Amino acid sequence: MRSTTRPRLSNAVTAAILAAGLLTAGAPAGPAVAQSGGATPVGVDTVIEEAMAQTMPVIGRLVAQRTGVVAARINGPIGQFDVRVGDRVEAGDIIASLVDDALRATRDLWRAAQIEAESGVATKRAELQLRRQELERLEKLSDSSAFNPSRVADKRQEIAIVESEIGELRAAVAEAEANLRLAEINLYNAEVRAPYAGVITARHTEVGAYVQVGAPVVTLIDDRSMEIEADVPTDRVAGLAPGSFVTFRFTGGPSQQAIVRATIPDENPLTRTRSVRFAAGLPSELNLAANQSVTLQVPVGVPRDIVSVHKDAILERGGQRIVFRVVDGAAELTPVRIGEAVGQRFEVLSGLQPGDLVVVRGNERLQPGQPVDPSTQPSAVDAGASGSDG
């Protein structure tokens with residue numbers, strides 16, 4: 001009987017001890033705890049208020065602000081190609097030339113038509129001057145017997161006809177000049193020029209091929225005016241106001257700064273992201289390429305002031321988060337409600353105030369009201385709230 005009674009009595013005692021321990025952990029400090037001996041050395045940290053600028057990594061890519069197909073502006077066969085894939089061109093450089101013999105002949109034809117029309121105008125002006133002189137002589141005979149009114153009327157009619165012919169010839173001059181300008185424009189467009197500086201990435205035709213207006217000749221990309229584009233989660237876009245700065249880096253490279261240029265108001269319904277463009281002022285010697293990957297540190301939200309506590313101060317007891325504050329040399333159990341992780345700290349939503357001293361080392365075995373000695377400080381406590389939670 002003894003051998004069976006002892007285990008039952010032992011279990012009951014054990015249960016009572018555990019119950020007493022739980023009650024002690026949740027109740028204010030009693031005299032029994034206060035008589036437990038000297039103060040326990042602990043490491044402490046201060047609850048602080050600071051600006052939270054937490055970031056998260058987002059993979060972006062380089063995009064060229066100017067890139068696309070350079071097309072033919074007139075019809076004609078390709079006579080010469082002046083570039084190859086990979087060649088760099090400056091704005092205005094000739095990329096390809098169309099056969100222009102017919103275009104030159106057309107220009108010369110309209111130039112001759114212009115000269116002819118201008119000569120006709122000069123001839124008619126001289127004739128007009130002659131008719132006016134004849135009319136003036138006839139009008140001077142108005143007081144003599146030789147005056148003939150019908151001849152005066154005929155002469156005035158001849159002057160009107162010559163003036164009309166001059167108007168027609170002036171219109172012919174204007175027409176010839178317009179056609180000459182068109183011919184010169186077509187001749188100029190027979191040389192396909194680079195609209196901006198960049199690198200040839202593709203050739204779409206060859207010498208001898210006949211191209212129509214708008215037909216692609218080459219693809220050109222401006223690699224010296226790159227900017228960064230990233231698909232940012234919609235709930236993180238609020239921290240990317242135009243003009244704000246972010247850091248970024250290429251693989252294996254140093255961190256650099258970029259400025260938010262624009263947030264595109266078009267959300268991807270599948271990924272719930274929006275495209276954001278960043279201006280970076282990238283140097284040309286980096287040999288950059290479109291779609292090259294870049295890692296940006298994007299703010300997780302609008303920067304704001306928060307109260308934060310070191311993560312090592314947080315304990316889980318009875319399904320509740322608690323910390324031990326040091327108050328008058330004793331450990332005071334304090335329930336807390338925490339928010340986002342901020343580097344090595346947690347945002348405090350309730351339970352603590354800036355300046356509170358909390359135990360971060362040696363707090364696992366503390367009991368409420370237990371005397372503590374906070375003279376032993378933690379060797380390395382990260383108080384920064386501006387790191388990445390990557």
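The protein has four helices and 25 strands, where helices (H or I, at least four residues) and strands (E, at least two) are DSSP runs numbered from the N terminus. This is a predicted model, in which local features need pLDDT of at least 70 and side-chain atom pairs count only at pLDDT 80 or more, while totals for chains, interfaces and linings use all residues. Residues are numbered from 1 along each chain as its sequence is written, and side-chain values use heavy atoms, with hydrogens and water left out. Of the 390 residues, 34% count as buried, a term that stands for under 20% relative accessible area, with exposed meaning over 50% and partly exposed in between (1.4 Å probe, protein chains only). Among contacts (heavy atoms within 4.5 Å) between residues at least 6 apart in sequence, 75% join residues at least 24 apart.

- Aspartate 154 and leucine 135 are 19 residues apart in sequence, and their C-alpha atoms are 9.2 Å apart in space.

- Four strands form an open sheet in the order 9-8-6-11 with antiparallel pairing, two strands being paired if DSSP finds at least two bridges between them.
- Strand 9 (191-193) and strand 11 (210-211) stand at the edges of this sheet with a single partner strand each, so one side of each has no neighbour in the sheet.
- Strand 8 (residues 94-98) runs antiparallel to strand 9 and is joined to it by three bridges, with alanine 96 opposite valine 192 of strand 9.
- Elsewhere, strand 20 (residues 320-327) and strand 21 (residues 330-335) pair in the antiparallel sense over six bridges, and isoleucine 322 stands opposite proline 335 in strand 21.
- Strands 20 and 21 form a hairpin with two residues between them, and aspartate 328 in the turn has a positive phi of about 55°.

**Nonpolar cores**

- A nonpolar core is a set of buried Ala, Val, Leu, Ile, Met, Phe, Trp, Tyr and Cys residues joined through side-chain atoms within 4.5 Å; the largest one has 24 residues, and those with the most contacts inside it are Ile228, Leu240, Phe248, Phe278, Leu282 and Leu296.
- The largest share of this core, four residues, comes from strand 13.
- Leucine 282 touches Leu62, Met226, Phe248, Phe250 and Leu288, when residues up to four places away in sequence are not counted.
- A second, separate core of 22 residues includes Ile74, Phe81, Ile200 and Val211.

**Aromatic rings**

- Rings of Phe, Tyr and Trp (its six-membered ring) pair if their centres lie within 6.5 Å, with planes under 30 degrees apart counted as stacked, over 60 as edge-to-face and the rest as tilted; the count by this rule is one aromatic pair.
- That pair is phenylalanine 248 with phenylalanine 250, edge-to-face at 5.9 Å centre to centre and 90° between the planes, and both residues are buried.
- Arginine 193 lies over the face of tyrosine 188 at 3.8 Å from the ring centre, and arginine 203 lies over the face of phenylalanine 81 at 3.9 Å from the ring centre; a charge sits over a ring if NZ of Lys or CZ of Arg is within 6 Å of the ring centre and within 35 degrees of the ring normal.
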